[in-house]
Amino acid sequence: MARVVVDPITRIEGHLRIEAVIEGGRITDAYSSGTMVRGFEKILKGRDPRDAWAFVERACGVCTTVHALASVRCVEDALKISVPKNAELIRNLMFCAQMVQDHVVHFYHLHALDWVDIVSALKADPAATSTLAQSISNWPKSSPGYFSDLQKRLKTFVDSGQLGIFANGYWGHPAYKLPPEANLMAVAHYLEALEWQKEIVRIHTIFGGKNPHPNYLVGGVPCSINLEDVNAINTERLNHVGKLINDAMTFVNQVYIPDLMAIAGFYKDWGAIGGGLRNYMSYGDLPTVGYNQPDSYKFPRGAILDRNLNEVFEVNGRDGEEIKEYISHSWYKYQAGDEKGLHPWQGETEFNFTGPKPPFEQLNVEGKYSWLKTPRWKDHPMEVGPLARLLVAFGKGNTEVKDVVVDALGRLAVPIDALFSTLGRTAARGLETKLVVNWMKGFYDDLLANIRNGQVSTFTREKWEPSTWPAECEGVGMTEAPRGALAHWIRIRDGKIDNYQLVVPSTWNASPRDGKGQRSAYEESLLGTPVANSEQPVEILRTIHSFDPCLACAVHLYDPEGQHIHRIEIN
Amino acid sequence: MMSNQESAGILILGIGNMLMGDEGVGVHVIEKLSGVELPRGVECLDGGTGSFLLLDPMQRARKVILIDATVDGAAPGTVRRLTPQYAKDYPRTLTAHDIGLKDLLDAFYLLGDRPQVVLFAVSIPPPREMHIGISPEVERAVPRIVRMVLEEAATGVGGVSA
């Protein structure tokens, strides 16, 4: 029996470590540990609730906007503020821009190298690559000369001994199945995506004033609309947004989706690997008639148990019996005992590190082994993320979602059960990107129509002053980060934050098991995964990366000197 | 390259997470610089831990002056001026944002356009719990870092380099 330790799997926003037990070439057990402490709750206590967004936005370099959105929503929920329609539309546009950018970056820069062999691309025939590219898409950058130039640059880069971004892949591993031409095409799109992603996020600068930390505002959005004013959201800026949305639709439909389908075709066996949990949850997002009307959301809210798509359960973030966090295996302590589950409004953040001093060989998984708490919905472990969002929408009978899912399954000639897998998770991310760029265009058109009708309000001052607030109140701000259900819970007392708790998507997916021994999504999804060579566990990366672990930029495994680390122990 | 803005020339980019104490020293330096009148063609940016989001501003600049924390065992507040070429030339940072930034710099080689990069690496103790604000040792180094950064900016693009 070998125990493989992969640490870190990501380098951003909470380092993640996976320990997997391999017997007879398959994973028989797995442990997921968040090895970096969080402590937002302590930073926020006593501050002005209207400022919280600016602090939580710093949680992560990737998810800045979604944390800010969850934050302003929880304050508005507590104070019963409804934002003007234009503010809802602008927030939706920022949400969509972030999701589309993040999903593209995930596919090409964080996940593709689990499937694409960079070194093999050097062997590709540029003319055949051109034929391949033109057979799957109308994207214009597809001439033999284009691929030939790129291959030369890649060769110079690799020959210089500076693999850099491509260092530490398991190049030549037999699990890589793409022909050299598909690999070269993917490298071309890796670089094109890098150039493209910086355009779409200009939407954050336009509406949020700056990037990477755009401004948010309790009660609306911090930008005014005035078509003639150079400092406001004017005609020029709106035209720019329109162009960025059109370019995004083109890139997603002509590059991302064709690549996804082409690559998936070579890895259909991964449609039966990595399924893991049978429960899925989405808080939903993209409101069309207000945050308090989840039935109006483009992404519906709900939970699915035991993969039964015929029944979608209601999810209520305010119900003290639904969402609770456990710490049986987490380095915290609760006043009423570590076996209790606490609803986030009652949440406590007291550290209780009992683990080994780093560096260490192995975690004591019988005891506490992670800095992540273990959230449960009605005591069930839930998977969150793009797949959960699509399944909940599918279960609710959303025809837009059903159509793209059924079409993709048909084109790949795989059964619906293939959704419950590593491949399904990666495909779901692409399919929802296609939906989101379309919705984005709709929100943009609605915003223009409102402005033409003379509606320019973006902020409500009602309840801005703390003198108008109740002495005590509580709220929950739910959203969908690219990697899954995200919510902030706030209690306000005498105008100050009394308690603030974040339950982030990677907590749902990457948490340790609960007191009953139920695994969370990462741990469960690794069970049964084949590992051809435990020295090069690319299969573990495929499944864990399919969740888009909360990371911005870790392409593969690095230690601080730039080497990948994983240790093998034979017990 | 698509760009809706003129090249900034020189970009002073502070990197770090202000919620992680000393780790946010780069961002603190940018805050100090925001009160200083900068020469023409020099811009400041609080990069946070922005990773991919920083590609655009970095690509638009001809020279990037980075300020980042490093956990290298040297006395807290020690400042080193480095001119890294590749990802492997960067000092150990231990923090969550290092890979993204280094990856971007390597990506510039493949994208065919690379700014000159000067890094001021500020030694800090290993970060512990999240908290806001920097330690007195690192705080004392901030005016010196500001001075070094401004002197570097004054040398212009392609200026004196190690």
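User: Why is Lys45(A) called exposed?

Analyst: Its relative accessible area is 53%, and exposed means over 50%, buried under 20% and partly exposed in between, with a 1.4 Å probe and protein chains only; therefore Lys45(A) counts as exposed. This is a predicted model, in which local features need pLDDT of at least 70 and side-chain atom pairs count only at pLDDT 80 or more, while totals for chains, interfaces and linings use all residues. Side-chain values use heavy atoms, without hydrogens and water.

User: What makes Lys45(A) and Asp498(A) a salt bridge?

Analyst: The closest N and O atoms are 3.6 Å apart. The definition asks for a side-chain nitrogen of Lys or Arg within 4 Å of a carboxyl oxygen of Asp or Glu, so the pair qualifies.

User: Is Asp498(A) buried, exposed or partly exposed?

Analyst: Asp498(A) has a relative accessible area of 23%, so the residue is partly exposed.

User: How do you know that Arg483(A) and Asp548(A) form a salt bridge, and where do the two residues lie?

Analyst: Their side chains meet at 3.2 Å, N to O. Arg483(A) lies in the loop between S8 and S9 of chain A, and Asp548(A) in the loop between helix H15 (538–546) and strand S11 (566–570) of chain A, so the pair ties together parts that are 65 residues apart in sequence. Helices (H or I, at least four residues) and strands (E, at least two) are DSSP runs, numbered from the N terminus.

Key. Residues are numbered from 1 along each chain as its sequence is written. Chains are lettered from A and ligands numbered from 1 in the order in which they are written.
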